[in-house]
Amino acid sequence: MSFFGKLKQRLTKSSSRIEDGLDAIVEDGGEVEATEPAEVEAPQTPASPPAQEAAPAAAEKAPEPEAEAAKPGFFGRLMGRTDTAPAAREVTRRVLDDDMLEQLEELLIASDMGVETATRVTANIAEGRYGKKLSTDEIKGLLAAEVARIMENVAKPLPIYAKKPQVVLVVGVNGSGKTTTIGKLASQFRAAGKSVVIAAGDTFRAAAVEQLQVWGERAGVPVLTAPEGSDPASLAFDAMTRAEADGADLLLIDTAGRLQNRSDLMEELAKIVRVIRKKDETAPHNTLLVLDATTGQNALNQVATFGELADVSGLVMTKLDGTAKGGVLVALADRFGLPIHAIGVGEQIDDLQAFDPEDFAKALTGHDA
Ligand SMILES: Nc1nc2c(ncn2[C@@H]2O[C@H](COP(=O)(O)OP(=O)(O)OP(=O)(O)O)[C@@H](O)[C@H]2O)c(=O)[nH]1
């Protein structure tokens, strides 16, 4: 299945929330209008049976072929509809007025976009369209374009530097998916021919260390550990030494996520940074904050807090599969502008994907044209 298809399926809850909400908003006070007969578009469509719809989407990963693949699916569905639907399709349109804008804003807030972002997005949609009639599809398209515009600025893969080893410090609260993300990253870099070393820096939690070892084995990457309760900074130093000796391309350092002891954690992270800088004063080259998308608005607080604890350079959003909280990514992008390097869409090793703003916008809004 294509990435977009997969993501859409996984974001289905938030998407259907927005979709259903938009339908309800337009129907509330909208008027049914007859549009052009659907046959107008049908003759231009390749004659593909509806059963083939899933096939093109299954094939590619690259964005361009996908965009092309989306068209036959869309037109295919239109054709499918003409078989059963009356010759003239009906569409409900509603005049864009204050009431409708307010409902739209509430819907976006409910889908976790946050008040500020929801207000801005709604205002942008309204600009030049106030008093005009809009259908659900048209609003979805406008919303998708707005979301994509905001997200475009933050969709950036993890920058790779010539520096060896490139040190990536991974921070985030316990359970956000740090271990899993490190495992997935290690595996992807290995597959790209890079040599990787992992440091299991959450030395206070034996279970976290064990889990990282399992991921290291899966990815074929050495995982450096230290006795339970020992100083993570000392492990980080040893890991730097090992990575340098091995000529490793990347050193991924896991860290603790005990936010309840904020000052301890801050000191711990600062010490790790101090120590690795003894070996390379430009390290860490990336400080990745791993955020669990299912925490919704709480993700915003975590960015603010970790921004103070560590010099966060980019984000990985995990658990986007099956969450109704995808809207929080828009709020994050709008408020902090930190790059989103990747998104986690499952628990398996290959479930870490590049972040594609347009695919995301389509999946979030249910806009598939
Ligand atoms: N569905 C889904 N689950 C994920 C994803 N990323 C991580 N998980 C799961 O989330 C749980 C926590 O992930 P961990 O990687 O252990 O999180 P952590 O931040 O290292 O947490 P600690 O080990 O408690 O410090 C695990 O059950 C993972 O399988 C994702 O993208 N999608």
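Helix 8 gives the most to the shell around the ligand, with 3 residues, where helices (H or I, at least four residues) and strands (E, at least two) are DSSP runs numbered from the N terminus. This is a predicted model, in which local features need pLDDT of at least 70 and side-chain atom pairs count only at pLDDT 80 or more, whereas totals for chains, interfaces and linings use all residues. Residues are numbered from 1 along each chain as its sequence is written.

Around the ligand stand 20 residues, the closest being Gly177, Lys178, Thr179, Thr180 and Gly344; a residue is near a molecule if its C-beta atom, placed from the backbone, lies within 6 Å of it. At least two residues of this shell come from each of helix 8 (178-191) and helix 9 (206-219).

Helix 7 (residues 136-152) packs against helix 14 (residues 357-365) at an angle of about 140°, with the axes 8 Å apart; axes are lines fitted to C-alpha atoms over the stretch in contact, and angles run from 0 to 180 degrees between N-to-C directions. Among the residues making this contact are Leu143 and Val147 of helix 7 and Phe360 and Leu364 of helix 14, contact requiring C-beta atoms, placed from the backbone, within 7 Å.

Overall, the secondary structure of the protein chain comes to 14 helices and 11 strands.

Terms used
Two residues are in contact if their C-beta atoms, placed from the backbone, lie within 7 Å.
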